[in-house]
Amino acid sequence: MTLYMVCPYCNKEETNVVDSRKTNEGNSIRRRRECPKCELRFTTYEKAEIGLMIQKRSGDIQEFNYEKLYKGIENAFGGLDINDKKLKTLVDNIHNEIKTQGNKIKSEIVGETVLKYLKESNEVAYLRFASVYKEFSDASDFEKEVAEL
Ligand SMILES: [Zn+2]
């Protein structure tokens with residue numbers, strides 16, 4: 001069996017699994033691998049992880065998509081003065097706060113968390129995100145937000 005796991009010694013991209021067994025706890029798999037190029041062996045552990053699930057207003061449940069969150073926030077900052085590092089830190093902070101709410105959370109929580117962070121970070125980005133986020137709810141909400149600033 002060949003799986004794509006890079007050799008840590010020579011960086012060859014394909015290494016062979018020579019042994020596969022459950023750990024004592026039974027919740028992960030330990031694999032011994034051998035690199036066909038340098039012939040050195042190493043161990044990997046495979047563990048199941050529950051992803052963060054987002055419940056949309058429609059009731060549909062989707063796996064949390066970091067790229068989508070990043071894109072949405074990047075768009076809100078379009079043309080504004082922010083570098084990639086700051087943007088990533090902001091998105092990571094939002095992501096970390098969302099994660100503390102549990103494994104399955106409502107999309108409203110994601111939206112409100114983003115708005116909270118953007119409000120502290122940049123008013124223009126905040127208003128842009130708010131206008132997109134709230135486009136399906138009452139339009140007067142948005143006018144109220146503007147009036148509050
Ligand atoms: Zn190797």
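**Helix packing**

Reply: The axes of α1 and helix α2 (residues 84–99) approach within 10 Å and cross at roughly 125 degrees. Axes here are lines fitted to C-alpha atoms, for helices over the stretch in contact, with angles from 0 to 180 degrees between N-to-C directions; helices are DSSP runs (H or I, at least four residues), numbered from the N terminus. This is a predicted model, in which local features need pLDDT of at least 70 and side-chain atom pairs count only at pLDDT 80 or more, while totals for chains, interfaces and linings use all residues. Residues are numbered from 1 along each chain as its sequence is written, and side-chain values use heavy atoms, without hydrogens and water.

Me: So why are α1 and α2 oblique to each other?

Reply: They are oblique because of their crossing angle of roughly 125 degrees: under 35 degrees counts as roughly parallel, over 145 as roughly antiparallel, 65 to 115 as roughly perpendicular, and the rest as oblique.

Me: Which residues in α1 meet α2?

Reply: Y66, L69, Y70, I73 and E74 in α1 are in contact (heavy atoms within 4.5 Å) with residues of α2, including L87, L90, V91 and I94.

Me: New topic: at what angle do α1 and α3 cross?

Reply: Their axes come within 12 Å and cross at roughly 40 degrees, which makes α1 oblique to α3.

Me: And what meets there, in α1 and in α3?

Reply: L69, I73 and A76 of α1 meet V110, V114 and L118 of α3, and by class this contact has six nonpolar, no polar and no charged residues.

Terms used:
Helices (H or I, at least four residues) and strands (E, at least two) are DSSP runs, numbered from the N terminus. Ala, Val, Leu, Ile, Met, Phe, Trp, Tyr, Cys and Pro count as nonpolar, Asp, Glu, Lys and Arg as charged, and the others, Gly among them, as polar.
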